[in-house]
Amino acid sequence: MKFLIIAGHGAGDPGATGYENRDSEANCTRELAALVVKKLKAYGAVDLYDTSRNAFADVQNGRFSIDEYDYVLELHFNSFNGSADGTEIFVTDRETATDVEQEIMHKMSKFFKLRGVKTTNFLVINTIKDKGISSALLETCFIDNKEDFEKYKANKDGIAQAIVDGIAEGFKLKKTTTTTQKGETMKQINPMDWINSHKGQIYDIDGVAGVQCVDLYKIFLKDIGYPNPTRAIGGDGYADNIWYRRNELGLSKYFDFVQGQCKTGDIVLWKKGAAECPSSHVAMFVNDDPANPARGVFLGSNQGYAHSKGILTSISMSGSLGALRYKGFANVAVNKPASKPAQKTPDQILTKDSKVKFDGKFIVEGVDGDWVYNAVVGGGLPAQPLYEDSARDGKQDQILHVGATFTYPGTFTVQETRGGGYKNAGQAYLTELNCWVNCAALTEVREGR
């Protein structure tokens, strides 16, 4: 499963104030969110909404954008008159079952008086529900009630665990480990959960030469508990040395070394001089390329374009040396309430009616009337839907000049594609913009036909 935790308020909005003006709600939600995220990772992939931002303000300003998740929990602290107390959780009026929320309340009853599961269409969770994602808003306790808040301060870790235990029991999740034939215990990871949680992320874990393909590989080593994951690969430092020096690097404890047919999650290495990876390469296999059996779709960084974030790319298997197959990979079956079905994860291969959003910020490289130009996006774009998000051209006035940075808020519909619809090779015609856009600038948020 994939979860998102949102810490309420922040970005200049302190939220409620604690008794005797000692604490702010914004600080407390961020403290609690960090604890919840850390503990919830035992059950699946977990993201934390950018804590430098305010989700409520982002929704109001049209800048709230999230990936597909199975469940989203927004954390808050209550406030009223100093005497009200207890914990409560809210869902929208479109939720038909509250199994998870009831379990969270049950676990929280160890610390606070129960105020129960309630229905209110709060802005953020209602916006998330519009996307078909189940969500809830937890009022942890009353920050302005001395007894409530002193309990929180004395039991922060236990309260975070109670929230996580409620989610786990509500979704019937279990902590699991994998034991190899040699009796070694491996951290169990669902390969698609890992791929989905690292797609679109930028890493330079070793601080060497910016974002490189080995950085995402080292993030995987870190996640499985490999000691000193940022250590130098050795040799000339290129990715193919991972394969050539696999025994010296102690990888046999964590991986089987395979050649031939790949499975989802295999970490594939290419040698120098490979047709599409001339400097060698390392990337994680996702699935066969449906258009060409000699190719695969891979998650990798520094592929498709220089220093790229983790993207899905079709790459030829020609020149591959072999693959590292993690011994702890498992497909964990999850029995979830029928009212909260898993969302299908987009495969990032754009087709007709795919829903997409633009990746990040872009720089205006030219202006011609009502059109702006940017090479990454693919050339000319209509200026009207753009949002100028900085004053790099002198003033953030929504009048675009060369050098301004902009974003494209919202989602768009793919009418047709050319060049395969892949991140590294292809374009998509967006219905709402009436123009072609490079697939490299887009992320698929809902699959098409």
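Predicted model: local features only at pLDDT ≥ 70, side-chain atom pairs only at ≥ 80, totals over all residues.
Trainee: How much space lies in the second largest cavity?
Mentor: About 40 Å³. A cavity here is a set of points on a 1 Å grid over the protein atoms alone where a 1.4 Å probe fits but cannot get out. The volume is the space filled by probe spheres set on the points, which are joined across faces, edges and corners.

Trainee: Which residues line the second largest cavity?
Mentor: Tyr217, Lys218, Leu221, Tyr226, Pro229, Arg231, Ala232, Ile233 and Leu249; lining residues have an atom within 4 Å of a point. By class they are seven nonpolar, no polar and two charged. Ala, Val, Leu, Ile, Met, Phe, Trp, Tyr, Cys and Pro count as nonpolar, Asp, Glu, Lys and Arg as charged, and the others, Gly among them, as polar.

Trainee: And what lines the largest cavity?
Mentor: Its lining includes Trp194, Cys213, Tyr217 and Met284. The space in the largest cavity is about 70 Å³. Its lining has nine nonpolar residues, one polar and no charged.

Trainee: Switching to pockets, which residues are closest to the centre of the second largest pocket?
Mentor: Gln212, Cys213, Ser280, His281 and Asn302, out of 30 lining residues. A pocket is an open set of points with protein on both sides within 12 Å along at least five of seven lines. This one holds about 600 Å³ of space.

Trainee: Which element gives the most to that lining?
Mentor: β11, with five residues. Strands are DSSP runs of E with at least two residues, helices are runs of H or I with at least four, and both are numbered from the N terminus.

Trainee: How many helices and strands does the chain have?
Mentor: Nine helices and 25 strands. The radius of gyration is 24 Å, close to the 22 Å that the globule rule gives for 449 residues, so the chain is as compact as a globular protein of that length. That radius is taken over C-alpha atoms, and the rule is 2.2 Å times the number of residues to the power 0.38.

Trainee: What box do the C-alpha atoms fill?
Mentor: Roughly 70 × 70 × 40 Å, taken along the principal axes.

How values were computed:
Residues numbered from 1 in each chain as written. Heavy atoms only, no water.
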